[in-house]
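Please open the model in a viewer and keep the selection tool at hand. The stops below proceed from aromatic rings to nonpolar cores and then to helix contacts.

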Amino acid sequence: MKETSDKRLYERYLAVRLRLEGHSFAEIGDLLGRIRQTISIYWQSYQERGLAGLEMGYSPGQPPKLTEEQRNQLASMLEQQQPVDVGFEARYTWTLPLVAEWIKREFGITMSVRGISAMLKRMNFSFTKATYTLAKADEEAQAFFRKHTFAQLKKQVEAEEIDHLLFEDESMIRSYQALQYNGFPRGKQRKVPTYGKHEGAKLFGAINYETGQVHHREEEKADVDAFIRFLQDLLSAYPRGKMAMILDNSRIHHAAGLQPFLKEHPRLHLVFLPPYSPNLNPVEGLWLWLKSDVVNNVFFEKFYQIKLHVGQFMKRINKQPLETIDRLLVRL
């Protein structure tokens, strides 16, 4: 205390000395004009780090309001349960105010939204957008497909037993798609004009696993006849060689009306994905790419405009098939 010329450091030393002499935190606070919690922090820092804990370069900060055990309980709850699971009726998303309510209810501790946000960051939590996953998906079946079925198909391609390996899928493109975030002057909002009519088209798409080439066809319906027309397009695009096509378990892919066509074209072989496995089909990524680049934030007044924009997109990506391979196929 005699050696320091820093008034604030002297105050910290004095607080600790008074505590060592037996004074309470409240008494010391009254003497120094500080709140009780400040004196408590000084004392705690001294106990943890000795005199070094009182140095001005060291800021002990406020002690955590939740114990380590309580923080672990909170982390486990946020990761494994929804609000409705712990007594918040009809609530399915954790918000900071709801977390504060849970902490108050469970531990009797009041925390501000800002304090909870800072604590969760220290706990390596962040509020992220949820994503859907198919509850009926069979992870073992998907793993078998990757390690055995698809691996065998690739070997057959390398051995030239299969000449063309394609992925296929269908999607609906409407005249009104999702409105996405986009750059715009602050305080203003982009307005997308609509015309009161909701037209749309069914798209059939296929990606060549080796070349990245994309084939597509627009139809008004996604029925068996439309699917056969698309298969005819693919057979024309690849007039020679055995073709293996990987696709999902849609009804039209198993329809009885399709079987005569398949018998007529034995070089076309269908390979079915495990049920509920869109994550294994890169054409799903193609549809997201298409909608993001071309369709979202636009309202198409006429059906031909949808076809025009889709066609332009397909023409553009087929000029740079390596981009398609890098974006959609490289992880398979």
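Select F145 and F150: both residues are buried in this predicted model.

For another of them, select F88 and W94. Here the centres are 6.0 Å apart and the planes stand at 80°, so the pair is edge-to-face. F88 and W94 are both buried.

**The nonpolar cores**

Now select I246 and L286, the residues with the most contacts inside the largest nonpolar core, which comprises 31 residues. To see where this core draws its residues from, colour the elements that contribute two or more: helix 7 (139–158), strand 1 (164–174), strand 2 (200–208), strand 4 (243–247), helix 11 (282–295), helix 12 (303–319) and helix 13 (321–329). Which of these gives the most to the core? Helix 11 does, with six residues.

Centre the view on L286. Leaving aside residues up to four places away in sequence, L286 touches I207, V214, F313, M314, I317 and L328. A further core of 22 residues lies apart from this one; to locate it, select I228, L231, L247 and A255, which are among its members.

**Two helix contacts**

Proceed to helix 5 (residues 96–107) and helix 6 (residues 113–122), whose axes come within 9 Å and cross at roughly 90°. The two helices are therefore roughly perpendicular to each other. On the helix 5 side, show L96, P97, V99, A100 and I103; on the helix 6 side, show V113, I116, S117, M119 and L120. By class, this contact of helix 5 with helix 6 consists of nine nonpolar residues, one polar and no charged.

Finally, move to helix 2 (residues 25–32) and helix 3 (residues 36–49). Their axes approach within 8 Å and cross at roughly 110°. How do helix 2 and helix 3 lie to each other, and why? An angle from 65 to 115 degrees counts as roughly perpendicular, and helix 2 and helix 3 are therefore described in that way. Select F25, A26, I28, G29 and L32 in helix 2, which meet R36, I39, S40 and W43 in helix 3. The contact of helix 2 with helix 3 holds six nonpolar, two polar and one charged residues.

Conventions:
Residues numbered from 1 in each chain as written. Predicted model: local features only at pLDDT ≥ 70, side-chain atom pairs only at ≥ 80, totals over all residues. Heavy atoms only, no water. Axes fitted to C-alpha atoms, helices over the stretch in contact; angles between N-to-C directions. Helix = DSSP H or I, 4+ residues; strand = E, 2+ residues; numbered from the N terminus. Parallel < 35°, antiparallel > 145°, perpendicular 65-115°, else oblique. Contact = heavy atoms within 4.5 Å. Nonpolar A, V, L, I, M, F, W, Y, C, P; charged D, E, K, R; others polar. Core = buried A, V, L, I, M, F, W, Y, C linked by side-chain atoms within 4.5 Å. Buried < 20%, exposed > 50% of the residue type's maximum accessible area, 1.4 Å probe, protein only. Phe/Tyr/Trp six-rings, centres within 6.5 Å; stacked < 30°, edge-to-face > 60°.
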